[in-house]
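This briefing concerns a predicted model. Please consult the sequence and structure below alongside the notes.

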Amino acid sequence: MSRTLSPRRTLGILMGLTLLLAIPARAQEQGGGIQGVVRDSSKAALPGVTVEARSPSMPGVATTVTDREGVYRFPVLVPGTYELTALLQGFAPAKMPNIVVRLGSAFRIDIAMELAQFAETIKVTAEPPIIDVRQNAAISTIPALTLELLPASGRDFTAALTTTAGVRTVDSGVSLDGASGLENHYIVDGLKTTATITGQSAQLIRMDFVEEIQVKSSGYNAEYGASMGGVINVITKSGGDTFRGFLGTYFSDPNFRWNGATRPSTRYSPIDDVTPERYINLTTEKTRSPAFEWLGDLGGPIIKNRLWFYLSNATTYNPDERTVLFSQAVAQGLQTFNSYASNVRTGYTLTGAITNSLRARMTGEFERAASRRTLPALQPDGVTSLANPNTRYDLTGSNSPVNLVTMNLDYVATPHLFVNSKVGYRGSNTSTVEGAYLPQLRHTFGRSNIGLAGVPADLQFPNGYTSTPLSNSGTVRDHQTRIAWDLSATSYRSWKGQHALKAGLNTEWVGDDIFTGATAPNITLQWDRVFNTPDARAVRGAYGYYSVTQNGTYGKVSGNNIGMFVQDSWTPGTRLTINAGVRTERELIPSYIAGNTDLKFAFLDKVAPRLGFAWDVTGNAHWKVYGSYGSFYDIMKLRIARYHFGGEVSKTYYYSLDTPNWPTVTCAAAGPPPESGCPGTYFGYIDNHVPVNGLEDNRLDPAMKPSRTREYVVGLDHELNTRTSVGIRYVHKPLSQLVEDVGRLTYKDGAQLWIYTICNPGAGVCANPESDLTLPNGGAYPPQPRAARDYDAVELRFARRLSRDFFVNANYTWSYLRGNSSGLGNEDIGEATLPSLTSQFDLIYMAYNSRGREVNGRLPNDSPHVFKVQGGYTLPWGTSLAVDYSTQSGELESTTIQQQGRYTFLFDRGDLGRVNALSRVNLKLQHDFWHKRINVAADVRNVFDQMAVTDIEHQPYRDGFTIPDGVYFAAGGYDINAYVQQFRALANDPQGVRNLRDSAFYKQPIGWQGRRTFQFSARYRF
């Protein structure tokens, strides 16, 4: 049943427990490690040696002591470049500089010491290894210095992810190894920041404040859950023993004179809704829309060698100004409108060395986003607006605060025991400003009535016209919370080799408190249109039909997830490391209707084994062979609970439009007669959100299994020299289970109802959703295929780390992505951000095409060839140049039609072929002045203004179908042309002018690569 969450009370208790236990918050990696053996000149191990680690990236000095076997260990170090110093009475100090620590790394660095009479200090000049020979995970890291040098397609850290191998931008976000963008696990400073509703990245972090980004594509350990794609881990900067900071600004303008050409657009005329138009929209050129950002940071000691601080701030301001001539009020002349969006983000970090064994780190960010006023929509000329001139654009706006805080403590209890704990909170809220909506009935033109016979001239308006100056919908609150507490412990032991045995507990509570929606009925007027009922009738009034809605989302709930894991990194000798572990989770997704059934998965439902190996072939970290197998489960997002467990109300009622005097068409409420008071003939209604979890009508499959992928990986890495490495990886990732809503249409008492079942498509009660029905010829409906997605890829990597002011990274991926499902997000149509709610398995029609074959083939994000390279060089006089180049195969396009309100494939997947291959060059040019204190830079995106086609129209018809089941599932399929001709004949519309219209843009380009843009920046370092 529904539960409420008290974030402040829960967070206070957990923080208190964390402080009381004095153990850190780090179930997920927030640093890297260094370990090794200290020996004397005879190769004998030296116990009792004090080893210190120093870095500009880490406040203070980390200290440890070698055990009786001479082993020293730093389990967690902040990413950066370190110097190790070994100290023992009677021996000369030994120093090893330039050791690069990355997130998740565990390099072995052995140290040799000489007796004091032979040397005062030994400085080891050999370069440390660049290949972690104990790791079987595929990891890419992006340090702060690389982020400063590289051009970026955005200011948020996610813009840098696509530079790494196996990562692509898709409609649902960032795709790793063929997964949808809703299947990743995002972590910022140890706290999961994946959006609780959609599964995308929820926390904006400016790249200027990032210490390092880690991308785990495959082979990651059992401590990581909630990911069928990859793990993206972000560590923000900290202060040190020296005061440092910067002040800076960024500026961009869509009307900058050197920007690329405006891309064309397509539409049907808003006047007659018939004439196809391909045009250049001048709205951007005629709208002033500069973007300003001011930012800075400051870090330093509060108490030297004990307590340090770091503060950051980024303030953005985006003003818009548009001059408009309303077509419905030409006499009023030109009018100017203004709007703006602002965002203030303030981050903070406190780091303390409580003792040599205990370190604490508290991080947080306050974000305050706001928007005020909106602008009228324009026609392509950039001046004319068809909107209602009485609309109050000045009263709209919203506020969106976000609070993030994490507390981490790292405790080295003994040289053989490291204990971690973390508590974190993230809360966000969105609300409409007071007075931004009107609680009254509103008419909207779903189609123009200009020139329609019988309609008075003063009642004729274009498509999109609205009768009230403001919407009647608003958001009172949309409050989402996450509270997490993690505990873990790592024990280092010797038994038939070396072991790093780690076990942990992860807990999180997620809350959703939402009140948003319409306050009065909304009437949409469909002039001169026919309403196609589910039983294949075409009905209308004298002037068409209209629909009535009053929809919204309401509820206050909380869910939880508990995860447990155990894993071991075992090195039986000196070359082979075996990483093995298992994870399990218990999950609760709440109901928005009190008393209805919650969705639960038990620990035994989500047992996820992980097994991998890494072999140091030559024993000197120059060659590594690795491989892994794993099972990975998704943690469900609350979007499915909002939609199917009573949170969302979505009913549409249909009536005949019998009068040209549309202002007289009023309804007391959205509903059937007589309660609604709506005029005209009642045609029925569509209910898209009949709850699935009622006590008497429970359509949660009791045999349902959670969404899961499996993974099989093998790879080889080779160190060419101390700065350069190459690698090859093969990965196979099949989607073995998927939780989805499987929809079915029913028609009862004039109502069209969408009845859903939450299940695994093709299994359990969804093996054959239509088994209780028969086709008109007495035959059975075909079965529902199981969800399928298979990703195979071969990946080549080349990396030369930054040295002597030069770096380069390159990767090439050959891949093959096929199946009948994109995963949690549907990339076939505009449902990319609806986890487990897509129409991929709604209606059995979607599984079969017109030829009677299952729809299974290359998925829309299949891109067989992807090549990326980034490189940069800094000239002696302070000028640096960096280039980011990428090219990839064009996306596949498939012909679809609308069958009973859902898209279906007319032919096989990819029948329209691929659009243009997509390539792009981004450039960053910058120069340092005055001893590198002042920096000016220019980022150029799509330098050559390349204009590849990215999308084509894939629907041959503008209107939907209701192909009878007997025709759709006829032996051998159906003939679409014959059916269209028959339909048009029955509708007395042989040319398809009103009821079933051809698309003039079918197979024509409708989307293009973004144009060239510039961004300028300047900063002062101190």
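The points that follow cover a sheet, a pocket, aromatic pairs and charges over rings. The model is predicted, and the values are computed from it.

**Open sheet**
- An open sheet of mixed pairing is formed by 5 strands, in the order β10-β15-β16-β13-β14.
- Its edge strands, β10 (138-143) and β14 (191-192), each pair on one side only.
- Strands β13 (residues 185-188) and β14 run antiparallel and are joined by 2 bridges; isoleucine 187 has lysine 192 in β14 as its bridge partner.

**Second largest pocket**
- The volume of the second largest pocket is about 840 Å³.
- Its lining comprises 41 residues, of which Arg108, Ile109, Asp110, Val133 and Thr574 are the closest to the centre.
- The lining consists of 18 nonpolar, 13 polar and 10 charged residues.
- Strand β1 contributes the most to this lining, with 4 residues.

**Aromatic pairs**
- The whole structure contains 50 aromatic pairs.
- Tryptophan 527 and tyrosine 543 form an edge-to-face pair, 6.5 Å centre to centre with 80° between the planes.
- Because tryptophan 527 lies in strand β32 and tyrosine 543 in the loop between β34 and β35, this pair ties together parts that are 16 residues apart in sequence.
- Both tryptophan 527 and tyrosine 543 are buried.

**Charges over rings**
- Arginine 267 lies over the face of tyrosine 279, 5.1 Å from the ring centre.
- The charged end of arginine 1019 sits over the ring of phenylalanine 246, at 4.3 Å from its centre.

Key. Residues are numbered from 1 along each chain as its sequence is written. This is a predicted model: local features need pLDDT of at least 70, side-chain atom pairs count only at pLDDT 80 or more; totals for chains, interfaces and linings use all residues. Side-chain values use heavy atoms; hydrogens and water are left out. Two strands pair if DSSP finds at least two bridges between them. On a 1 Å grid over the protein atoms alone, a cavity is a set of points where a 1.4 Å probe fits but cannot get out, and a pocket is an open set with protein on both sides within 12 Å along at least five of seven lines; lining residues have an atom within 4 Å of a point. Grid points are joined across faces, edges and corners, and a volume is the space filled by probe spheres set on the points. Ala, Val, Leu, Ile, Met, Phe, Trp, Tyr, Cys and Pro count as nonpolar, Asp, Glu, Lys and Arg as charged, and the others, Gly among them, as polar. Rings of Phe, Tyr and Trp (its six-membered ring) pair if their centres lie within 6.5 Å; planes under 30 degrees apart count as stacked, over 60 as edge-to-face and the rest as tilted. Buried means under 20% relative accessible area, exposed over 50%, partly exposed in between (1.4 Å probe, protein chains only). A charge sits over a ring if NZ of Lys or CZ of Arg is within 6 Å of the ring centre and within 35 degrees of the ring normal.
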